[in-house]
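Please examine the arrangement of chains, sheets and helices in the structure shown here.

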Amino acid sequence: MARILLIGLAGDSGCQVASLGLHEALVDILAANEPVYAPTLLDAKEIPEGIDVALVEGGIRNTHEEETIKEIREKSKIVIALGACAAFGGIPGLANLKDGRQLMDMIYSNHRGTDKGTVPTHLESLPEQRPIKHFVKVDYTIPGCPPEVTDIAGTLTSLLSGEEPEVNRTQVCDDCPRERLGKYEKSLKRIHEEIPDPDRCLLEQGYFCMGPATMGGCGAPCPQSGNTCEGCRGKCLEVDDQGLAMIDAMTGLLTQLKDGFDANKYSAMLYRFTYAESVLSELARS
Amino acid sequence: MSWPGADDMPEIVEVDPLTRIEGMGKIKVEIKDNQLHDLKFQVTVAPRFFEYLVTGKRAEEAPRLTQRICGICYVSHHLVSVKAIEDAWGVTPPETAVKLRRLMNAGGYVTSHSLHSAFLAVPDLVGLPAESRNFVALMGKYPEIGKAALKIHAYGNKVVQATGGRIVQVVTSVPGGQTLQLKEQRRDELLEEGREVLELIKAYADFVFDIYEKDAPSCSQFPDVDTNFMALVNGPDGHYDVYDGDARIISGTGKELARFHPSKYYNYIQEAVWSHSSTKVPYYKPEGASGNLRVGPLARLNVASKMPFPVAREYEERYLKLFPRTCLQVQGFNLARIPELIAGQEEVLEMLEDPGITGDDIRVPVKSMGGEGAAFIEAPRGVLTHHYVIDEQGLIRYANIMAPTTYNHPLIQQDLFENAKIYAGELADPGKRAEACWRLEKIVRCYDPCTSCSVHVADFDITVDGGMVEVEEV
């Protein structure tokens, strides 16, 4: 009977909703264990002592969240980063490309359709969105935006029976049934401008698919639904940086391009979920 | 310097964190001499600057980026985003694509409303002990209802997955149409299960309606708060439609104030910034910053003439007997969600029964170009707006997103305030406090606020006379 915590910080509750996707299995897990703190589902107001497994969704963007994650760490045996925001900063990490003060000006005092007002001054915002591992030790990561329900169930079941959860060593391409021929288009394409061949590798066709630089295990639902992989599961286990791994993977395509490649335009593609933990953002901070 | 004596200090009561809502928030009440001195409703989720982070990005990526504002109504963000880009580029997607989008949107309602009703709201209504007002306890007391709710929620997910490619964040809407065709076999499976699920939803609806009908006085347990309402309506009769149509604004007495096409919204709606708050609050322009607009299920059933689905219509009639138009009672929200859940399921079935739904004409190729466009959709929590300016290269240069919870935020505050005024004595009394705090939490839950959706962190303060004042630095 393990004591479980489930909480959302700077995120969108999607990981918790994905967990609900377990349906009966979730009810079984909750009933067989002791959920002690889960503000979305239960009314407990205090984070209790003696938590066995803490599932944390969302990154850290204000001092309230920073204090909360530190309190959870102190009171928990195992802390799991649930989803892309907790694990790598996630999409909100893209806002780290701009200084926090400038952002406030942009959104509050210089925005068409908004009354000219004073920028709020009382916010206890931190200058950047960071993954939780920046503040506390994280024991396990369940990647993805959202994480796969099978990963959530698998990790919980392993941990609750005292076993080590399995680590994924594949890339999304390993799950993707699209055919690769090793031949590339001569230009980068945009998904709405042409209709891609449904059976061939999207990257080889010139569409910016992050599959080669992204940890597998999801079953590649996005390329199978006719759109590119966005890289939501973060980098593969063996590489250091998702965007750089993608540029490596694109060598075949980049040497074919007739118009060259401007990496600046592709921040939201190369680092959609992992800018906050990227080598690039470390350089910008130093 | 003289400090007030300890006797003059107001007593502070906090509900922190608010539970069984989406995201993190709290209520702080100050009581002095058994009178309400101050009340703050505060969202503690950090701002995530989505309007900035889509700026400079390729327009076609916006539907996938902005849906991450919300893990519950991601379908609404995804769809309204693509509608806004198509408005900017003057693109009409093929008929099949529109049907697939309607199907996805309706599936989103089935998941979102069943989630809120069974997991967040109904545990308050069935006499569970204070320490176990939650879904697991609901399931223990009413196993059939609990199981039905799980099946309904799971079915909504299946519809979203079949049309959106996966659940919690979808991938299939691009300017010009959809990237995923619905195959006949999948349609047949969904249709067969969907008809059974409609029966489950009816049983679930009867369960919730019984609670309200047997306890009619509880339907007016909170003070009425007079506001304007805004919702989408479609057709000359102004009927209920959560995917497309005109925005209609009515006053608290039901008088029509405006009806306009979403692409002209900025003539009617403006956003206010307060130095003491970081939520931008949209208001009805002709009335100035006090021209509030309530949105969501209560607004839709107040504003739209009728639901165009036969079963939902029956339950809408039952609802209107308890909460006649124009309903100013926050309790209306929870029950209004039930006919809406049925309407969602009936729209799912209507789309699946349409032979055109499995067509392969799901996309037209579209050139990237400059332009400006805006669109509305009814997210489960209310009117959601995306507005973009796109440059010649097809990159976003300006984005404005107005989520339903930003409209409702000051009204949640006002509802809480009016209630706390009446129950100030109870809030001050340690023996009665738990019950009084529970009343406040129930008000917040009625709105089903989406604190992540409110995009910017919020911090409101209303004094006893109802005016806004500066929030103290903590």
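The questions and answers below treat the chain contact, the domains, the sheets and the helix packing in turn.

This is a predicted model, in which local features need pLDDT of at least 70, side-chain atom pairs count only at pLDDT 80 or more, and totals for chains, interfaces and linings use all residues. Residues are numbered from 1 along each chain as its sequence is written, and chains are lettered from A and ligands numbered from 1 in the order in which they are written.

Q: How many residues does chain A give to the contact with chain B?
A: Two residues are in contact if their C-beta atoms, placed from the backbone, lie within 7 Å. By this criterion chain B contributes 73 residues. The contribution of chain A is 59 residues.

Q: How many residues on the side of chain B that touches chain A are nonpolar?
A: Elements that give two or more residues to this side include α4 (95-121), α6 (143-164) and β15 (396-402) of chain B; helices (H or I, at least four residues) and strands (E, at least two) are DSSP runs, numbered from the N terminus. Ala, Val, Leu, Ile, Met, Phe, Trp, Tyr, Cys and Pro count as nonpolar, Asp, Glu, Lys and Arg as charged, and the others, Gly among them, as polar. On the side of chain B that touches chain A, 19 residues are polar and 19 charged, while the nonpolar residues number 35.

Q: Which elements of chain A each supply at least two residues of the side of domain 1 that touches domain 2?
A: Chain A is assigned domain 1 (3-93 + 123-160) and domain 2 (172-285), with bounds from an automatic or database domain assignment. The centres of the two domains of chain A, taken over C-alpha atoms, are separated by 28 Å. In the contact, 17 residues of domain 1 of chain A meet 12 residues of domain 2 of chain A. The elements of chain A asked for are α4 (84-88) and β6 (125-130).

Q: Which residue of β2(B) stands opposite B:V15?
A: A sheet of chain B has the strand order β1-β2-β3, with antiparallel pairing. Within this sheet, β1(B) and strand β2 (residues 25-32) of chain B pair over five bridges. The residue opposite B:V15 is B:I27.

Q: Are α11(B) and α13(B) roughly parallel or roughly antiparallel to each other?
A: Two packed helices are described by the angle between their axes and the distance between the axes. For α11(B) and helix α13 (residues 433-447) of chain B, the angle is about 155 degrees and the axes are 10 Å apart. Angles under 35 degrees count as roughly parallel, over 145 as roughly antiparallel, 65 to 115 as roughly perpendicular and the rest as oblique. The two helices α11(B) and α13(B) are therefore roughly antiparallel.

Q: Is the crossing of α3(B) and α4(B) left-handed or right-handed?
A: α3(B) and α4(B) pack at about 155 degrees with axes 9 Å apart, which makes α3(B) roughly antiparallel to α4(B). In their contact, B:V75, B:S76 and B:L79 in α3(B) meet B:R101, B:M104, B:N105 and B:G108 in α4(B). A crossing is left-handed if the near helix is turned anticlockwise from the far one by less than a right angle, and right-handed if clockwise. The crossing of α3(B) and α4(B) is left-handed.

Key: Axes are lines fitted to C-alpha atoms, for helices over the stretch in contact, and angles run from 0 to 180 degrees between N-to-C directions. Two strands pair if DSSP finds at least two bridges between them.
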